[in-house]
Amino acid sequence: MVNKILKRVYTALIYIFLYAPIVILIVFSFNESKSRGSFTGFTLKWYSMLFNDRQIMRSMYYTLLVAVIASCVSTFLGTLAAIGIHNMNKRQKKILLNITYLPVLNPDIVTAISLMVLFIALNLKLGLFTMIISHITFCLPYVVLSVLPKLKQLNPNTYEAALDLGATPSYALRKVIIPEIMPGIISGALLSFTLSVDDFVISFFTTGSGVSNLSITIYSMARRGIKPEINALSTLLFLTVLILLLLINKITNKESKEMSLIEKTK
Amino acid sequence: MKRKNYAYPYVFWMTIFVVLPLFLVLVYSLTFKNGLKAGITLSNFTRFFEPIYLNVLLRSINLALISTIICLLLGYPIAYIISRTNIKHRNTLILLFLIPMWMNFLLRTYAWMTLLEKNGLINKLLTSLGLSPLNIMYTNGAVVLGMVYNFLPFMVLPIYTVLIKIDKSLIEAANDLGANKFKTFLKVTLPLSLPGVISGITMVFMPSVTTFVISRLLGGGQFTLIGNLIEQQFINVGDWNFGSAISIVMMLIILISMSIMNRFDKDKEGVNLW
């Protein structure tokens, strides 16, 4: 009995630790006064200021633009790559897998500065283009790594059966292989999108003046002190995430849900 | 199936944007340029072993270790408790653990700035209780707190995943054979959950060692970690050669410790999570 109460209290404390900072941001996003010491009255002015803040709105636009392009390109290239790697001999496969793991295991900051060094060596102007290339680069391995296991599970006979029944190789690829590995492709795409939206370190080093994503904007604002608009932004982002996750939770079945949640842990 | 050539664009991309950049960093770390003179040198690496820089490395490892240990001590019990609740509640509890992780990493760190700063909520609370305010912001403690807060889920999830996969009949067998609850945990559950613990440790330690955001925002200027040192060399100082040397050292530390951890983790459980 005591044991049970102890467990409950401990669980509650951990969840309070996790949520207290977020709840406080949300509460203070409605606070009249700019200081966070005390709550002086209810207001929505920070929300209207947020939507009129051109810097934040621009970085929101860049975040989404980069994430959409990076996840589309890396999903396409990564899926092709996974099919190719799957059909390689053991030695080639091993070399490519090691290269694939390199950016996954390497510290973000090393990937970031190495890309920056490359872009400057190639005389490319740091900006939107270099940021998109960098995002594709760090997303690609995750797509390859989520599609490959699905290809391994594939029964090779189904593809051969399709060929025997008169399908051309490309038709069989589209109608047999792609649908079978679709769950892997989708989780790779989602993973790329979220990684790209959340990225700070790599964007910070590979973008130039004028182009910043949400993370960079928050970083530079936070260094200059605290702005109540950020509280409003946090609230909106938190609600978006919450609603999306609850929807996904409803739609997917239990098993695949646990899979995708775990994959998010990078 | 002859579809090997599907991987060629990928090979091309990874060669140019992963292998070549790392090679360039290596070249920078091994060369120097002083006015017109340029050449090959190891001095960038030997410079890193000067006490002032070595201390930065030691401080980074030290803070990351402390954070990892705290995450393990806080995370294992909660993972265990969640894994022992019934399925319906279990999924909700794990989902609740994940939601903060989907928030932007910088916003989560920023949230702590609000709480910890001099006129922040914690100090307001303390003064209203008649206690003297604390100076938490811009200390090592604040940095560790930021790391624990951001990386705790990385410890809990792999441990939880391993715990729910443990065959219940093994635990029943231990009980039948006369082991009490504590002994069952020590001799059955704990050893079986070690792969999860190991990948949890890796997943918390690695980002903690290499972070420069948490130390920048919560640690202020004076608590430089190795990540900040690299950032400084590239952004402020402009000494790319030295910055590259530090990056190479950091990369080696991470890759070597990953391979050591991998050796412990025999059935590769959860390694691909990171």
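Which residues form a nonpolar patch on the surface? I shall answer that after a word on conventions. This is a predicted model, in which local features need pLDDT of at least 70 and side-chain atom pairs count only at pLDDT 80 or more, while totals for chains, interfaces and linings use all residues. Residues are numbered from 1 along each chain as its sequence is written, chains are lettered from A and ligands numbered from 1 in the order in which they are written, and side-chain values use heavy atoms, with hydrogens and water left out.

The patch consists of B:L20, B:F23, B:L26, B:V27, B:L30, B:I40 and B:L42, with about 640 Å² of accessible area together. Patch residues have over 30% relative accessible area and no salt bridge, with nonpolar side chains (Val, Leu, Ile, Met, Phe, Trp, Tyr) joined within 5 Å and like charges within 9 Å; areas are Shrake-Rupley values with a 1.4 Å probe, and for residues only the protein chains shown count as cover. Helix α1 of chain B gives the most, four residues, whereas B:L42 sits in the loop between β2 (37–40) and α2 (43–48) of chain B.

Turning to the chains, chain A has twelve helices and zero strands, and chain B has twelve helices and two strands. Helices are DSSP runs of H or I with at least four residues, and strands runs of E with at least two, numbered from the N terminus. The C-alpha trace spans about 75 × 65 × 30 Å for chain A and about 80 × 75 × 35 Å for chain B.

Next, a helix pair between the chains. Helix α5 of chain A (residues 108–121) packs against helix α1 of chain B (residues 8–29) at about 85°, with the axes 8 Å apart. The two helices are therefore roughly perpendicular, a term for angles of 65 to 115 degrees. The contact divides into 15 nonpolar residues, one polar and no charged.

Finally, there are three salt bridges over all chains, each a Lys or Arg side-chain nitrogen within 4 Å of an Asp or Glu carboxyl oxygen. One of them joins A:K45 and A:E32 at 3.9 Å, N to O. A:K45 lies in helix α2 (residues 45–52) and A:E32 in the loop between α1 (2–28) and α2 of chain A, so the pair ties together parts 13 residues apart in sequence.

Terms used:
Axes fitted to C-alpha atoms, helices over the stretch in contact; angles between N-to-C directions. Parallel < 35°, antiparallel > 145°, perpendicular 65-115°, else oblique. Nonpolar A, V, L, I, M, F, W, Y, C, P; charged D, E, K, R; others polar.
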